[in-house]
Amino acid sequence: MSKEILLGDEAIALGAVQAGLTAAYSYPGTPASEIMEYLIRSNVRVGKYVAAWSVNEKTAFEEALGVSYAGGRSLVSFKHVGLNVAADPFMSAALTGANGGFIVVVADDPSMHSSQNEQDSRFYAQFALIPCFEPADHQEAYDMAREAYELSERFNLPVMMRMTTRISHSRAGVETRPTRDKNPLHSGARECWTLLPHLARGRYRRVLDLQPELVKMSEESPFNKLVLNPDNKSFGVIASGIAYNYVMENCPDDPTRPSILKIGAYPLPEVLIRRLFDHVDTILIAEEGAPFIEQAVKGMFGVAGKKIIGRLTGHLPRAGELSPETVRPALGLKPLDRRALDKLAGRPPQLCTGCPHTDTFKALKQALKDYPGGTVFSDIGCYTLGYFPPHNAIDTCVCMGASIGMAKGASEAGLFPAIAVIGDSTFGHSGMTALRSAAVADANMVLVILDNCTTAMTGGQPTFATGDRLLAIVEGLGVPKDRIRVITPLPKFHEANVKVFQEEIAHKGISVIVAVRECLEEAKRKNKAGGAQ
Amino acid sequence: MNTIRKQDIILAGVGGQGILSIAFVIDNAALKEGLNVKQAEVHGMAQRGGAVQSHLRLSTERIWSDLIPRGGADLILSVEPLEALRYLDFLKPDGKIVTSSNPFVNIPDYPEIGGVLAKVRAIPGSVIVDAEKLAKEAGASRAQNTVILGAAAKHLIVDEESLKDYIRVLFEKRGEKILSANLKAFDLGRAAAE
């Protein structure tokens, strides 16, 4: 055994490698990016496998599913909203099932540190009727990844690993075990993997029939642990994932300690929950994300004679992540003494000084001065920071790729000028199909593609649509060649760039302006020196 | 007899100032000394010039929470003075601050610096060093983070030599010049805090 300090994300990645990983795929997104970063960085050092970024999460999922079909152990990882993109294959993969072990790692971002919404992926696992593991610490993240492959192959089902920001991005020591050999390849049976209606019905029945066995697995899992305190028959806690740590941080280690059921494996262990309910009168449910367990346990009418408290009753905040101090009052404890906090000037994230996006936004804003009704539909990336002053340059941010479809729709409703702004990586991820649609309709809009040659916001992962290839894609999607303009976003070209924007806004029909200049951070990474990192 | 050794530290600064490098050095030094370590950090959007912090917990005992509770930190270690104040409610009543005196002004409403430093000085035992000047003197203007680490050294429960070992691990791959500048930055920071 050896001990390494790892991020929670890295602990899962290493667990997967040492479980005999054949291949892994991902698309960058906070807080999940570090899983693939680690796999790529550690290839050869800790094993030999395929680890690659994909164009988007759906593609990544399907690639990983193909590995499983061929018999290898596979992993796909992404952030919570990435699972929305991959939801189509995800739901059906529950029916095909897994051949080689297949784990789907989803990192949720409660409190939306780096996200546009707050989702709890445990609902997706329940939706697809597959098992889900949720680690409370780094050792569990490692151990669960290994166990998830065993489970996946035992039930021939994909298994979800649900992470949350604070466990993904905290570091702690992890004890590792020797690496298992990779699976020999053996393809799946065609009647299982071809979801024609008559076959799919049988596959769905199989998943439904497995449910009691999955609950039994959960009851017996070492990741679900009930500790009853015979001296405390009034108060108990159900805590899952990182919320368990916050509860344990605060619970006194004395006879008043509540009885605690730790949940790390789903579907929910009904017998364990019932045993806790039989033991105490009041049950606090502490979980990171949505009140998933709380809703399931409470149902519509509650449990007769029992008081269930948590996020739904206001004992814990309904939204956002928990913390060691938010669980204290719910446990009946006073806050720790602390210093008062003055109101301070905020320091939101911002575009770097000299960022190419700044120059593009300046030129765009000037060109839009004569059009008070203009709207800039934007997308997900560093350029979303163009919302803040002094830029005040964008009006929307919804989901990956939304800018183009929204601009088309708005222009067809009569809005003018309709501008869409999207980065090169986001365009590759899910902008291309929307541009095909806009090009066919010759929608009266201007698409601005900010080509900074990288996936900047998440740390500079490669992009699949940049440079000449990007221009060829835009033309291939049906945008007339004379309506594809390339500009260099630099202060010295400001006037010329404004003119290009003005011309393309004036053109009635689809135009694409590609602003090409490499991300400064990316350039810095290539030429790294100095004290800080 | 086993005595409990533990320390909870908030590391603070602005994205890009090298908070995670300080964390790396303290983490590994603590691990080498047989302590348990948990370190929560901020990745993603905030790293673009926003306020960043890292929670670093060291203990001979099991560490449960990845986050330090408000009111639980022994030390705030900050590469920027306004950022030191941002986490004041994490500090224990008798907790201390070690910070740079150099404002990083990338917001329009940055408060008057004299007032900021006065608020830091109001915390008994606080240490303020001119990290910008000392980093330049050491020969690497970006080594302000290492200056602050040096200034905090005597307050940390890990050994100074262990810290230096991991400064070597961190910077040796960047060449002799950067490494020796960072070791010097550490010493200058420590001396300035005396």
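Visitor: In which helix of chain A does A:Gly431 lie?

Guide: The structure is a predicted model. Within it, the helix that spans residues 424-441 of chain A includes A:Gly431. That helix is H17.

Visitor: Is A:Gly431 buried or exposed?

Guide: A residue counts as buried if 20 or more other C-beta atoms lie within 10 Å of its own. A:Gly431 has 29 C-beta neighbours inside that distance, and therefore A:Gly431 is classed as buried.

Visitor: Which residues are in contact with A:Gly431, leaving aside its neighbours within four places in sequence?

Guide: Contact here requires C-beta atoms within 7 Å. With the sequence neighbours within four places set aside, the partners of A:Gly431 are A:Gly401, A:Ile404, A:Ile422 and A:Thr426.

Visitor: What separates the C-alpha atoms of A:Gly431 and A:Gly354?

Guide: Along the chain, A:Gly431 and A:Gly354 are 77 residues apart.

Visitor: Are H3(A) and H5(A) roughly parallel or roughly antiparallel?

Guide: The axes of H3 (residues 57-69) and H5 (residues 87-96) of chain A come within 8 Å and cross at roughly 30°. Angles under 35 degrees count as roughly parallel. The two helices, H3(A) and H5(A), are therefore roughly parallel.

Visitor: What radius of gyration does chain A have?

Guide: The C-alpha atoms of chain A fill a box of roughly 80 × 65 × 50 Å along the principal axes. A compact globule of 533 residues would have a radius of gyration near 24 Å, and the value for chain A agrees with this. The radius of gyration of chain A is 25 Å.

Visitor: Over which residues of chain A is the pLDDT below 50?

Guide: The average pLDDT of chain A is 95, and 98% of the residues score at least 70. One stretch has a pLDDT below 50, although the model gives it 24 contacts beyond near neighbours in sequence. Where pLDDT is low, predicted coordinates should not be read in detail. The stretch in question is residues 529-533.

Visitor: What radius of gyration does chain B have?

Guide: Chain B contains 7 helices and 6 strands. The globule rule gives 16 Å for 194 residues, and chain B is close to this, so it is as compact as a globular protein of that length. The radius of gyration of chain B is 16 Å.

Key:
Residues numbered from 1 in each chain as written. Chains lettered and ligands numbered in written order. Predicted model: local features only at pLDDT ≥ 70, side-chain atom pairs only at ≥ 80, totals over all residues. Helix = DSSP H or I, 4+ residues; strand = E, 2+ residues; numbered from the N terminus. Buried ≥ 20, exposed ≤ 12 C-beta atoms within 10 Å, placed from the backbone. Contact = placed C-beta atoms within 7 Å. Axes fitted to C-alpha atoms, helices over the stretch in contact; angles between N-to-C directions. Parallel < 35°, antiparallel > 145°, perpendicular 65-115°, else oblique. Rg over C-alpha atoms; globule rule 2.2 N^0.38 Å. pLDDT = per-residue confidence, 0-100.
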